[in-house]
Amino acid sequence: MLSWILGLVVLLLGGLLLRQRRRHRQTLTDLARAIERRVPYLSEEPPPRPGRAASPWTSLTGEVNRLIDDYGQLHTRQAGQLSQLEATLGNLQEAVLIVDRFNYILLVNKALRRIIPGVRTILGQRVEGVLQGTEILEALEEVRQRGGLPQREIELRHARPPVWMEITGTKLSEPQADNGPWVLLVLHDISRLKRLESVRKEFVANVSHELKTPLSVIKGYVETLVDDHATMRPADREKFLGILQRHTNRLTSLLEDLLTLSRLESRDPRVTLQPEDLGAFVRSLAEEHALQIMEPHRRIQLDVPGEPFPVLIDPLRISQVYSNLLDNALKYTPASASIEIGLRRADGEVHSWVRDSGPGIPEADLPHIFERFYRVDKGRSRETGGTGLGLSIVKHIVQLHHGRVWAESRPGEGCRIAFALPLAKEAAAAGAAAPAAAAGSAPAGPGAGES
Ligand SMILES: Nc1ncnc2c1ncn2[C@@H]1O[C@H](COP(=O)(O)OP(=O)(O)O)[C@@H](O)[C@H]1O
Ligand SMILES: [Mg+2]
């Protein structure tokens, strides 16, 4: 009997213990959930009666609720501070990044989102997972150790497109959070400056190279003439002087083209626009050029309709455009090739071109021929006295007239270098004089100077 009662008591106690353990396990799960969701845990246990000590479980849930409440307040404060910062920094042109002590990203502004695709989804991620490269991490570390960061340049290679940024940073003393101090980085896009810098460097290198060759030739021949002029045969002396003259001319044209370019690129390019009829202008220009061409059988064909082509141009500059284009057409085509100047109206613009039936320009070179010093065949260009700046000057002049230039070519079938100028509506309304002559050709005759 006794053993039966004992067995019953053990069974009851066991059942009670099991229920309590299950309840405690459930309480722990609920607590974990409450912490995760940051909402207070509502205990099922009644509050302790007055004068009675609370059970350990009640104390634990009370403590957890207090912590959740503290955390909630801190979180709200931080969110408030972040949204204040976002309101201040959001529209800045500079890209801004704020991270906490553990490098978790707290804020990125619009400018940074524009640079790094997908950056919108990075809040709450660690910097190293989003901004590749060690430079940003090094910058953050330096700010933490020294309180600030002297300006430095970094390249964000994974941005689309890759960008160069000037970066500065500071430690934010507020808020005094357990994930603080926060670090603020400001990134200023200097890609344009970098590009300009590299264009400038390339330009200086090109100019030095172009100057070096004729100068070293001149130096060599001048030294020979100085040392040996007394004993030198007159024929040699004449030959050497001829070479000196050629290279001096080359230097002169190079400097002239460089000065023209630098004037065109300056703040005051001195372009004075006046109303002209481009048809009449082209006709008289073709005649002038025809007189200057040394090759007697060369003709410049005109494809210029009789209608008026009212434009606002600086006549000197636009005649330089045609000069450079005709010069190329003559230089890079055999004497048998034809050369044509054309003119048409198209969508409120006047399109004009110089076309030749020479060897043409390879497709791969076409996008580059308006760049400074770009030549398809360097040797050929230098041989004919080319500076590699002619088409670049053409482009600048046309752009100063609010126009655009382009080139078309099929290798072996010649090329067409064209430009578009806006039609001058006022000039058209004022009834610019219509030229009498229709499309035709100007004969090329022997002349005094080279074209
Ligand atoms: N009509 C043309 N036919 C073939 N190639 C041309 C023609 N016009 C220009 N080019 C190519 O474009 C390059 C750039 O022309 P340009 O800027 O006038 O420099 P340059 O004539 O001094 O070499 C030339 O070197 C030449 O290779
Ligand atoms: Mg040229």
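Angles between axes under 35 degrees count as roughly parallel, over 145 as roughly antiparallel, 65 to 115 as roughly perpendicular and the rest as oblique. The axes are lines fitted to C-alpha atoms, for helices over the stretch in contact, and the angles run from 0 to 180 degrees between N-to-C directions. This is a predicted model, in which local features need pLDDT of at least 70, side-chain atom pairs count only at pLDDT 80 or more, and totals for chains, interfaces and linings use all residues. Residues are numbered from 1 along each chain as its sequence is written, and side-chain values use heavy atoms, with hydrogens and water left out.

**Helix packing**

Helices (H or I, at least four residues) and strands (E, at least two) are DSSP runs, numbered from the N terminus.

| Pair | Angle | Axis distance |
|---|---|---|
| α6 (residues 191-228) and α7 (residues 234-265) | about 160° | 9 Å |
| α7 and α11 (residues 390-400) | about 25° | 10 Å |
| α9 (residues 315-331) and α11 | about 150° | 9 Å |

By these angles, α9 is roughly antiparallel to α11, and α6 and α7 are likewise roughly antiparallel to each other. Helices α7 and α11, on the other hand, are roughly parallel. The crossing of α7 and α11 is left-handed, meaning that the near helix is turned anticlockwise from the far one by less than a right angle, whereas clockwise would be right-handed.

Contact means heavy atoms within 4.5 Å. Between α6 and α7, the residues that meet include F203, V207 and L211 in α6 and F240, L241 and L244 in α7. This contact divides into 17 nonpolar, three polar and three charged residues. Here Ala, Val, Leu, Ile, Met, Phe, Trp, Tyr, Cys and Pro count as nonpolar, Asp, Glu, Lys and Arg as charged, and the others, Gly among them, as polar.

Helix α7 also brings D257, T260, L261, L264 and E265 against S392, I393, H396, I397 and L400 of α11. That contact comprises five nonpolar, three polar and two charged residues. From α9, residues including I318, V321 and L325 meet α11 residues, among them I393, V394 and I397. Eight nonpolar, four polar and one charged residue make up this contact.

**The sheet**

Two strands pair if DSSP finds at least two bridges between them. Five strands form an open sheet with antiparallel pairing, in the order β2-β1-β5-β4-β3. Strands β2 and β3 (148-156) are at the edges with a single partner strand each, so one side of each has no neighbour in the sheet. On average, neighbouring strands are turned by 20° against each other, direction ignored.

Helix α5 (residues 135-146) packs on this sheet and touches β1, β3, β4 and β5 (182-189), while its direction makes about 175° with that of β3. Seven bridges join β3 and β4 (residues 163-172) in the antiparallel sense, and L149 stands opposite G169 in β4.

Strands β1 (residues 95-99) and β2 (residues 105-108) pair in the antiparallel sense over three bridges, with L97 opposite V108 in β2. The two strands form a hairpin with five residues between them, and N103 in the turn has a positive phi of about 70°.

**Confidence**

The protein chain averages a pLDDT (the predictor's confidence in each residue, from 0 to 100) of 81, and 78% of the residues score at least 70. Over residues 430-451 the pLDDT is below 50, and this stretch has 54 contacts in the model beyond near neighbours in sequence. Where pLDDT is low, the predicted coordinates should not be read in detail.

Note on methods:
Chains lettered and ligands numbered in written order.
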